[in-house]
Amino acid sequence: MHRSHAQWRGGRALWTWLLVGIVGLLAGCRPQGDDTVIRFWAMGREAEVVGELVHEFERDNPGIRVRIQQIPWTSAHEKLLTAYAADALPDLCQLGNTWVPEFATLGALEPLNARVAASDVIDPDDYFPGIWATNVIDNQLLGVPWYVDTRLLFYRRDILAAAGWDAPPRDWAEWAQAMADVRAHVGADRYAIMVPLNEFEQLLSFALQQDDPLLRDGGTRGNFSSPGFRRALGFYAGMFDNGWAPPMSESQISNVWDEFGRGFFSFYISGPWNIREFRNRLPADLQDDWATAPLPGPEGPGAGIAGGTSLVLFRGSEVQDASWKLVEFLSRPDIQQRFHAMIGNLPPRRSTWELPQLQADPHARAFRDQLERVKPTPQVLEWERIAQEMRLMSERVVRGGLAQDAAVAQLDARVDDILAKRRWVRGQQGGEGSDAR
């Protein structure tokens, strides 16, 4: 059927009107042409909540708009590498501290030394030293800590008191005695501590408490046969050998919160996210019966892992000045305190911890103490592979009965294989590197 000329003109007018309306609607939803747009990639829950803070930043900085892209942690590393290969990295990114060396090796990160030196907001001396150090590679600052993560003791205060302890242990000798006393008190069907065999962080924490580095020869060889790591492995394995810890992974129990609540174990080494979990999941009558404490070390309160994420600028960004303004905004103590209140992540600045909201939190207080003693892991791009090899080795010791001397020798050999390319590169540059001691 053919339409008349009038019908055709009327139909064209209608479509023109609709098209103009759609274009106008889209124009209203996107930044104006003169606006500076920051592409900000953030991971997991952080990406969900940071938008509320970004709205305030945009109000304070007319002409700057922030586009947040939420990246799942499970795919973040691969997505970043793909974007690097395609020359499609964002302007600003939340980067895990252990990923900084890898992207530094790729030459993808913009050095920030000059920007920090000129900043009225970011004061390096206000940051916990071990956290700040995770971003410094070859004397170049490549990121600014956004939030921090470490591991320490969560413990059942009531069970510890029933076993004869009125305070948490402060060193390994006290801790060993407390675990023995708790196990004797709770009986054969319960344990003193849960150390999941599918995690490497507990053994890594003990290893960072030693004077011996985990890698030697300038980070080109394993140093796991050193006296320090042997001492750490011996203490770790002793928890299982003495029957204080069950040889289990987290997947073998219902969940850690329920088991902690029913007293299946009384000590648990974990991070700050579990403050909120224990508050939400434990019954009301147990809320006064759990507490946190700094991680015991060989001779007193010991070091812990300097984890968390940092804010980095990528070299290819054309809006680095605007992106740096956002870094400074997110680094302000008042903004960090609000971020903590929203999500529970711990601030990396000492001054933020002086605010009343954090000082009043009894469970966060131990983290403030622990953060003064955190240490970065070896700053090599192969570190995450090495950490998994360490976990597999420790599981073979606990479950398979592998002798500790054989275990550290095998681990050193495996790590040396992983670092072979690094030694070759150092050799091409004129030497394998000096001893990292």
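## An exposed loop residue

R170 is exposed, with a relative accessible area of 52%, where exposed means over 50% relative accessible area, buried under 20% and partly exposed in between (1.4 Å probe, protein chains only). This residue is found in the loop between α7 (157-162) and α8 (172-186); helices (H or I, at least four residues) and strands (E, at least two) are DSSP runs, numbered from the N terminus. Not counting residues up to four places away in sequence, R170 touches P296, G297, G300 and P301, a contact being heavy atoms within 4.5 Å. The C-alpha atoms of R170 and K421, which are 251 residues apart along the chain, are separated by 41 Å.

## The model as a whole

This is a predicted model, in which local features need pLDDT of at least 70 and side-chain atom pairs count only at pLDDT 80 or more, while totals for chains, interfaces and linings use all residues. Residues are numbered from 1 along each chain as its sequence is written, and side-chain values use heavy atoms, with hydrogens and water left out.

The secondary structure of the protein comes to 20 helices and 15 strands, and its C-alpha trace spans about 95 × 65 × 55 Å along the principal axes. Of the 437 residues, 53% count as buried. Among contacts between residues at least 6 apart in sequence, 76% join residues at least 24 apart.

## Nonpolar cores

The largest nonpolar core has 55 residues, and those with the most contacts inside it are W175, I193, F229, M239 and F267; such a core is a set of buried Ala, Val, Leu, Ile, Met, Phe, Trp, Tyr and Cys residues joined through side-chain atoms within 4.5 Å. Helix α10 (residues 227-241) gives the most to this core, with 8 residues. Leaving aside neighbours within four places in sequence, M239 is in contact with W175, M179, I193, V195, F206, W244 and A245. A second, separate core of 32 residues includes V50, L53, W132 and L141.

Beyond its neighbours within four places in sequence, E56 is in contact with F329, R332, I335 and R338.

## Strands and sheets

An open sheet of 4 strands has the order β8-β11-β7-β12, with mixed pairing, two strands being paired if DSSP finds at least two bridges between them. The edge strands are β8 (193-194) and β12 (290-293), each of which pairs on one side only. Strand β7 (residues 152-156) and strand β11 (residues 267-270) run antiparallel and are joined by 4 bridges, with F154 standing opposite Y268 in β11.

Strand β6 (residues 144-149) is largely enclosed by the rest of the structure, because 5 of its 6 residues are buried. Strand β14 (residues 307-313) runs antiparallel to β6, and 5 bridges join them; the bridge partner of P145 in β14 is S310.

## An enclosed cavity

A search of the whole structure finds 1 cavity of 30 Å³ or more, a cavity being a set of points, on a 1 Å grid over the protein atoms alone, where a 1.4 Å probe fits but cannot get out. About 60 Å³ of space lies in the largest cavity, where grid points are joined across faces, edges and corners and a volume is the space filled by probe spheres set on the points.

The largest cavity is lined by N97, T98, P101, T134, A306, P376, T377, P378 and Q379, lining residues being those with an atom within 4 Å of a point. By class, this lining has 4 nonpolar, 5 polar and no charged residues, with Ala, Val, Leu, Ile, Met, Phe, Trp, Tyr, Cys and Pro counted as nonpolar, Asp, Glu, Lys and Arg as charged, and the others, Gly among them, as polar.

Notes:
1 Å grid on protein atoms, 1.4 Å probe; cavity = no way out; pocket = protein on both sides within 12 Å on 5 of 7 lines; lining within 4 Å.
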